[in-house]
Amino acid sequence: MLQIWGPSRLQGHVKISGAKNSALAIMAATLLCPDDCRLRNVPSLADINRMGEVLSALGVKLKRNEDILDIDARDLKTSEAPYELVRKLRASFFVIGPLLARLGVARVPLPGGCAIGARPVDLHVRGLQALGADVYIDKGIVHAYVNGGKQRLKGGKIYLDYPSVGATETVMMAATLADGETIIENAAQEPEVVDLANICRAMGAKIEGAGTKTININGVSQLHAVNYPIIPDRIEAGTFLVAGAITRSEITIGPVIPEHLRAVIFKLEAIGAKIIREDSDRLRIVPAYQHAATNIETQPYPGFPTDMQPQFMALLALSDGNSTITETVFENRLRHVAELNRMGADIRVKGNHAIIHGVPRLSGAPVVGTDLRSSAALVLAGLAADGETTFQGLQHLDRGYEQLEVKLKKLGAKLERIKP
Ligand code: UD1
């Protein structure tokens, strides 16, 4: 439980950790490499530990020292990921591509749905089939084999019906070791996809076009050792920018890659905050006294990120006027609305739209987070609200925010983690 006493006034600087979603995909990618991989700037998070457990179960050796993670995937002892671990972390499904590419066979349980939507893996599966894999699902396990008893996948042309981040990553990883050229069209352009391509290139893969809609991969026969720093987490950075805005506090954040935050910065400026680039990797937010309303629609990158939608909902709940948020990426990602309303917000949901009527203040209340980003939104609302907020759902926050309450406390927020 997290007890928050608001309203808070924040000041100072926040250090932004390495990107969770990059690190998860990159950990899966190390399975491609029969040599030493050193990852730097790896955040310390429950999700990262879980991915580590999945890799260990496959026979990988891992050693962690602060933000450095050494991974040795020379000896893979099995091509089957255990259900008990995969069900706890959707992203662990991403091991299917590298396992198949390296061993010619992979068996990975379907990860199942989650609080924000059904999240199928059909695009991953079709992508692997286009690379010459036989894929079938039996008793909840996805079985993938390279056709005709051969070991190596074959390059192919893939058009993704939707620019799925995970499916782009799965196909890209599988194609690095395939025989011949792979072209992924309508690929996801997220910075985490680019980070994954960059580490694969640093290991010797031949990949062009990551960050655009078309990615070309020329398969190589083997990858080699790497020492690679993960990019800063743009969603953690965005969350802290909103923390500054919602508490009307001037704070700085860094390191960040400002380019990755374009859509978020644009919306903050649209409602009256100023974002000042203090350095190439450091931003200052100067909030408005009263933020204006705006309309937001979530989109694949470079559009407005779905992972920032709940946090902006909390901010717009306190802005002047009526805003609309339309969630287009996930079908069930407005569950924080009811909790924000318990704190005095005035938000109505119609299908995938939230209609937000700004109110002058929120009041502290007991609230429950249902997933990672909705939990962040409730903590932000708690910082701005009058009085005491009791937040339940720390297991969600710990999945994806490194030491959130420690970082907020350093900025002057009054909050305490209460052990049950
Ligand atoms: C990644 C991020 C997540 C972020 C999301 C969208 C990781 C570990 N997680 O998730 O934080 O919210 O991108 O930016 O990187 N879909 C299908 N079939 C598929 C795959 C996806 O229908 O085979 C659908 C999903 O259900 C969802 C949409 O496509 O509605 C987007 O999903 P996707 O981009 O794949 O997200 P993830 O990679 O799961």
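Here are legends for a handful of close-up views of a predicted model.

Residue numbers start at 1 along each chain as its sequence is written, and side-chain values use heavy atoms, with hydrogens and water left out. Since this is a predicted model, local features need pLDDT of at least 70 and side-chain atom pairs count only at pLDDT 80 or more, while totals for chains, interfaces and linings use all residues.

**View 1. An open sheet of four strands.** The strand order is S2-S14-S16-S15, with mixed pairing. S2 and S15 (274-279) sit at the edges with a single partner strand each, so one side of each has no neighbour in the sheet. From one strand to the next, the twist averages 25°. Strands here are DSSP E runs of at least two residues, helices are H or I runs of at least four, and both are numbered from the N terminus. Two strands pair if DSSP finds at least two bridges between them.

**View 2. The S15 and S16 pair, with helix H8.** S15 and S16 (residues 282-286) run antiparallel and are joined by five bridges. Ile-275, for one, has Ile-285 in S16 as its bridge partner. H8 lies across S2, S14, S15 and S16, and runs at about 180° to S14. For that angle, axes are lines fitted to C-alpha atoms (for helices, over the stretch in contact), and angles go from 0 to 180 degrees between N-to-C directions.

View 3. Thr-176 belongs to helix H6 (residues 165-176). Thr-176 counts as buried because its relative accessibility is 0%; the cut-offs are under 20% relative accessible area for buried, over 50% for exposed and partly exposed in between (1.4 Å probe, protein chains only). Leaving aside neighbours within four places in sequence, Thr-176 has contacts that include Leu-32, Cys-200, Ile-217 and Val-220. Contact means heavy atoms within 4.5 Å.

**View 4. Two cis peptide bonds.** Most peptide bonds are trans. Gly-6 and Pro-7 are joined by a cis one, with omega about -5°, and Pro-7 is in the loop between strands S1 (2-6) and S2 (12-15). The bond from Tyr-301 to Pro-302 is cis too, omega being near 10°; Pro-302 is in the loop between strand S17 (295-297) and helix H10 (309-317).

View 5. Arg-248, not a glycine, has phi near 50°. Look for Arg-248 in the loop between helix H8 (234-246) and strand S14 (251-254); at 30% relative accessibility, Arg-248 is partly exposed. Gln-403 has a positive phi of about 50° and is in the loop between helices H13 (394-400) and H14 (404-410). With a relative accessible area of 49%, Gln-403 is partly exposed.
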